[in-house]
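Q: Please take a close look at a single part of the structure shown here, starting from one pair of side chains. Then place that part in the context of the rest of the chain.

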Amino acid sequence: MANRESTLTEINVIQTLEQASNPQHAGSEVQRLAETQLKEWEIQSGFHYILQTIYLDLSNPLQVRWLAVIQFKNGIERYWRSTRVNAIRKDEKASIRARLFDLIDEQNNQLCIQNAQATSKIARLDFPAEWPNLFELLEKLLENDHIRRDDIKVYNIMTHVNQIIKILGTARIGRCKPAMQSKVPLIFSLIVRIYLHSFDKWTASSSASNSSFDLATLQVSYLTLKVLRRIVCEGYERPEKDEPVCEFVRITVGHLELLLSRQESLGHLEAYEKFIKCFGKLYYTLVTESPATFILLPCSVQILICYTKLLFEKAPVVYTENSDVSGDFWEHVAIRGFLILKRVLNFVKKKGAITLKARNDKQSVELAVSKINSDFLNEALVKRLVDILVDSYLKLRPVELESWFCDPEEWMNEQLVTSFEYQIRPCAENFFQDLIVSFPELLVPYLLNKIENEAGSLTNSLDDFLKKDAIYASFQLSAPAVGEMVDFDRLLTTVFLPDASNSNSGDEQLYQKVVKRRISLIINEWSVIKCSDESKVLCFRFLSDLLMTEQDQVVQLTAIQSLRTMVDDWNFNKTLFEPYLNTITTVLLRKILPTVSLTETRLYVLNTLTDVIIQTKPLINNDLLIEILQVVPKLWEISTENASESILSNALLRLIRHVVLSLGDKSFLTWEIALPIVAISCNPSSSHYSLLNEDGFELWSALLQNFSTKEAKYDNNFTKLLPFLEHAVETRTEILPTLLDIVKSYALVLPVGDFLSSDTFFKIFSLMSSHLLKLREDSFQILLEIWELLLLSNESNYESLLIPKFYQSGILFALFDAIFKQDQLSTYQCGQIFQIVARLSYVNPDTLIKTLSNYHQNIPNSQENLQLPEVDRRVVFSDMAFDDLIQRFISIWVVCFKDIYDPKFKKIHILGLSSLLRTKMLVVLSDFEAILALWIEMLEEINEANGGDCEKYHLNDIVTEQSVAIFPLTSEQYRQHELSKNTDPVHNIGLKEFIEQTMRFLENFLGANEYSTFLSRINPALLESLSYFCQSVLDTYNDIGSREFYLLVGSVI
């Protein structure tokens, strides 16, 4: 049997398909072998033609035909392209294409769809090049009267056409879409004829009292309409200029009005809603793709009037509609109407600015704008639209009030994430905003009149309360558009706050919650648009009172929403908020957070608390911050044990981090809670690692940065976390700056000996050194800063540990590789690297030279260097003289120095470069004149105090009187500042004294006679300039006498 099945024949394929599809063989070895055989056959020539044959043969069992057409469709996807491995041969493709429409009387709709999808895939790949007559074939089928009289055949053809137009219409590259657009007129009129016939037939049968309903014709009619929708939207570049298309769209408007008028008798049909939605989708797609095209259709105004009329007439129905009881048909129709009107409004407002595709579009756009303004939009209509919005669509619906009072927390969460494209009230709110933006001069006085007069005359009935809420909603929604035209401060004090403070009893008190919620939303919108400081104080007081006194969760959460908006505003003034800070924070912590149960609500409250802490730092007192922290353990347990609550974990990590930042020096109070959480979040073996590690590392960094040695002792639990840091540096390169910040914090907290003795930091430095020039700029900067901080340490005997560690971890070789790259770095980046070298050189220049010698011996020779990839080549080689390497080293350094402008950094480089003179190397002495020029340049620029410090060295200091006054600094910033202040030679070594010491060293090293000879080779102008600043040179000048001095050095003149 295996041998027979291995031969590709129709009979064998049928048997194999039967074995693979038979439920009796499900999961058996027989089925597995059959599936394996089919996989082997699918790459053989002729297999897909046989599959098509099996599908077309109605005598085959249904399950065999089903699997055959599935295999056929999948094979088309995998092997039809000629560029694919084992692609279907050209002659087999031609044979397959010739039979794609042979079974248009297929009774099984699902099989027909599978074949149609396969056909559409072939059309996408072969039309028009390999299958140029596709649309001619469709035209021939549609012209056949015998076929048109058979609903099944028509339906199957429409199924194929639908899939073909769908896939060709989505093509954005290639010739298939333009070719389709040129061929579509061949079939468009024929399909319209089928649609009209079937639509008239089923609507007539549905209205006849003594006839059976023609369901088959109804299905044909709907599918044909769906195909025509695709053709109109995708098959024509300029549908408004094609007369048959315009006529068809005009007919659809009549059909839409007919069906809407017969909703009561036809609404029970499933296809009825599909028809209405299909008409709406046709118009909406047209107006979305090109508003000008839509408006220039002769029937566009008729469409707009139809939907506008529907919005007016069905407003009461939509308002009372309940999807669980009566369905939401009219709501969906109204949403489609608003979306179409919205597109038209936006087009008119922007005057087609975003729709121009060609130069000749301008005239069409101007014509469209003129047409819509003259034939449709007018002042009376705009005001009527506002009225119907306020009276019906902006009002809270009965179903919403029911949800509010039955499940307030859930309903509030829905309000925060609603989409205007799927719910009627958000859609109406969005449309109202477009209205107010388009007609501000007309609508602002109209709205103000409603707010100040009409709203005030309303009674305390529920309906009037809801209408007042809708009027206030219109003011809320208009904030972005009319902020400069309205005096919000006056309305706040004269209308809104007094209205919210009215006390009512019984049911009226319940209804008053609606107004309180709305005024909170008004504050949410207007406080960031136009609100004085005095009004903001009133808003803070109002929201604070609401949170303290109101028990309704919707009102509470809306007040929190408004509060968060005000706190997050770029113009937030924490001084204005300070009187209410502790009260609001306490209410959020003690009253709101314990009473909410949904994850989304907890998350929102936690994020609000976090925002308050961030924006008011450091005004919240420490006791309250610690109380905030106490809610974390319970919520953390909930979030880590329940997958549905896991999103809370990140919010809790952010909350802890900002509590730490706000506590500052007292952040050690958080360690008991924070450190175990960091351990869970940053442990790569933890199940929560992938979700929490980024926030966990940020918390870890904050804990170290705010640790004060004056307030607490170092906790060894920080050391226990180090293996997690090593793993993260190796695997989480996207957060490398945060990880390196943690390394930097340890460098400042731990004694240098302990830090350098750690295997974790050694491995991190080794890894970073091997990728030094591949690091992102921020990571590169932090890494160099860490190394520089280590070199600043003044602990005894640190050199004996630090420099060997720098050597063993590859740091020094990495720095030298970067300096000597053939593909040179920018002078700025090279200068950053030389800054590390300069500090090392100042500490121990002999060690630097020794390390360079080691480097020189270990690099490739000139021939080996040429064999390396260009990116890895150097400008120095092991077979060049060491003096030449040193000379190249100094020359590169001097070139980089020219692009250093910060006086502090200049001095670092000068100290390091000048210290090389103490190595007594002649090659360094030969560059003395270049070093001398740098001395003079620096001395002319700065004016140091006796200790060597200078104001210009503090231009970029973080810790200054001004910065401390503006915002609190972290303990780490103070640590770094103190380290620099106490140990950095820039601030503690006078440049003049350093130069004089260097000159005396040279004199002692060379001897008096050689020293004089040495100076005689130096440009006298440089020596004279130096003598103005340095006493030793001036003494030499005085001892010899000016005439003799110039004779001494005159040999270079």
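A: In this predicted model, Arg78 and Glu42 form a salt bridge, with 3.4 Å between their closest N and O atoms; the term stands for a side-chain nitrogen of Lys or Arg within 4 Å of a carboxyl oxygen of Asp or Glu. The two residues are 36 apart and the pair links distant parts of the chain: Arg78 belongs to helix α5 (residues 62-79), while Glu42 is in the loop between α3 (29-41) and α4 (47-56). Helices here are DSSP runs of H or I with at least four residues, strands are runs of E with at least two, and both are numbered from the N terminus. Arg78 is partly exposed at a relative accessible area of 39%, whereas Glu42 is buried at 12%. Buried means under 20% relative accessible area, exposed means over 50%, and partly exposed is what falls in between, for a 1.4 Å probe and protein chains only.

A database annotation covers this part. UniProt lists residues 34-106 as "domain: Importin N-terminal", in an unreviewed entry; its positions are given in the numbering used here, feature names are shortened, and annotations may be inferred rather than shown by experiment. That span is 62% helix and 0% strand, and its end C-alpha atoms lie 27 Å apart.

Aromatic rings come next. The structure holds 51 aromatic pairs, counted for rings of Phe, Tyr and Trp (the six-membered ring of Trp) whose centres lie within 6.5 Å, with planes under 30 degrees apart called stacked, over 60 edge-to-face, and the rest tilted. In one of them, the ring centres of Trp41 and Phe47 are 6.4 Å apart and the planes meet at 40°, so this pair is tilted. Both residues are buried: Trp41 has 0% relative accessibility and Phe47 has 1%. Another pair, Phe188 with Phe248, is edge-to-face, at 6.0 Å from centre to centre and 90° between the planes. Phe188 sits in helix α12 (residues 185-207) and Phe248 in helix α14 (residues 243-261), so this pair ties together parts 60 residues apart in sequence. Phe188 and Phe248 are buried. They also belong to a cluster linked by ring pairs, whose other members are Tyr195, Phe199, Trp202, Tyr222, Tyr236, Phe275 and Phe279.

Lys314 lies over the face of Trp330, 4.5 Å from the ring centre, and the charged end of Lys395 is over the ring of Tyr319, 4.9 Å from its centre.

Back to charged pairs: the count of salt bridges comes to 44. A network of them links Asp387, Asp391, Lys450, Glu454 and Lys467. Asp568 is bridged to Arg564, with the closest N and O atoms 3.9 Å apart. These two are four residues apart in helix α32 (residues 553-568), so about one helical turn separates them. Asp568 is partly exposed, at 39% relative accessible area. Asp695 forms a salt bridge with Arg654 at 3.3 Å between the closest N and O atoms. Asp695 is in helix α39 (residues 689-705) and Arg654 in helix α37 (residues 647-663), so the bridge ties together parts 41 residues apart in sequence. Asp695 is buried at 11% relative accessibility, and Arg654 is partly exposed at 29%.

Val632 is placed in helix α36 (residues 632-641) and is buried, with 1% relative accessibility. Apart from neighbours within four places in sequence, Val632 is in contact (heavy atoms within 4.5 Å) with Leu652, Leu655, Ile656, Ile673 and Ile677. The C-alpha atom of Val632 is 64 Å from that of Gln863, 231 residues away along the chain.

Residues 1-5 fall below 50 and have eight contacts beyond near neighbours in sequence. Residues 1040-1053 stay under 50 as well, with 22 contacts beyond four places in sequence.

Residues are numbered from 1 along each chain as its sequence is written, and side-chain values use heavy atoms, leaving out hydrogens and water. Local features need pLDDT of at least 70 and side-chain atom pairs count only at pLDDT 80 or more, while totals for chains, interfaces and linings use all residues.

Technical notes. pLDDT = per-residue confidence, 0-100. Lys NZ or Arg CZ within 6 Å of the ring centre and 35° of its normal.
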